[in-house]
Amino acid sequence: MTEAEAIKLFKCLADKSRMKILKSLIVEDMYVERLAERLNLTPATISFHLKKLEDAGAVTSYKDQYYMMYSLCKDIFITNILDIIKEETPDAKEQEERENNYRKKVINAFFEYGRLKSIPAQRKKERIILEEIAKAFENGKEYSEREINIIIADFHDDFCTLRRDMISEGLLERTGNIYKLK
């Protein structure tokens with residue numbers, strides 16, 4: 001299910017009458033007059049809602065003798081909402097580009113000649129700064145506390161705060177006196 005289809009379905013389901021129709025159709029296939037009688041609505045109202053549900057892919061119709069029968073499309077309701085959310089949107093590349101531009105802006109604002117001017121007060125900005133400092137470490141290599149302090153001191157004099165924040169942000173892990181990137 002695409003994002004556009006999901007939005008159409010969710011909008012369609014945000015109506016009490018349509019939900020009543022779906023609850024009736026889950027029991028058995030029905031025609032308009034029977035649904036109207038069962039739900040105490042006019043046949044025109046039922047037809048209107050069935051058209052919306054059919055456009056959203058929630059119900060299908062088929063001809064049975066003189067009646068147009070409607071049935072529930074159970075497959076569409078089996079779709080996992082997480083799968084819909086995880087689906088990549090067409091503007092994902094733009095979002096990623098905006099995120100990268102934001103990162104560059106934060107890095108340019110807080111770094112001067114490769115040194116950190118100040119530690120950001122906002123957590124999101126500090127996370128970006130810490131990730132930038134973490135690039136100075138080799139992945140998988142174990143460091144002593146002294147080595148960590150020397151590397152971080154190249155960026156800022158308050159290496160203790162930055163080291164602790166890198167651990168609390170999950171960028172570094174500490175086992176005894178040994179540190180390494182996570």
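In which helix is the place of N149?

A: N149 has its place in helix α9. A few ground rules come before the details. The model is predicted, so local features need pLDDT of at least 70 and side-chain atom pairs count only at pLDDT 80 or more, while totals for chains, interfaces and linings use all residues. Residues are numbered from 1 along each chain as its sequence is written, and side-chain values use heavy atoms, with hydrogens and water left out.

Helices here are DSSP runs (H or I, at least four residues), and strands are DSSP runs too (E, at least two); both are numbered from the N terminus.

Start with N149 itself. Its relative accessible area is 14%. N149 is therefore buried (under 20% relative accessible area; exposed is over 50%, partly exposed in between, with a 1.4 Å probe and protein chains only). Which residues does N149 touch, not counting those up to four places away in sequence? They are F159 and R163. Contact means heavy atoms within 4.5 Å.

Now to the nonpolar core. Such a core is a set of buried Ala, Val, Leu, Ile, Met, Phe, Trp, Tyr and Cys residues joined through side-chain atoms within 4.5 Å. The largest one has 22 residues. Inside it, I133, F137 and M166 have the most contacts. Helix α9 (145-153) is one of the elements that give two or more residues to this core. The others are α7 (92-110), α8 (123-134), α10 (159-168) and strand β8 (178-181). The most comes from α8, with five residues.

Look at F137 next. Leaving aside neighbours within four places in sequence, F137 is in contact with Y143, I148, I151, I152, M166 and L181.

For contrast, turn to K86 in helix α6 (residues 81-86). K86 has a relative accessible area of 64%, so K86 is exposed. K86 and E3 are 83 residues apart in sequence. In space, the two are 9.8 Å apart, C-alpha to C-alpha.

To sum up the part you asked about: N149 sits in α9, is buried, and touches F159 and R163 when residues up to four places away in sequence are not counted.
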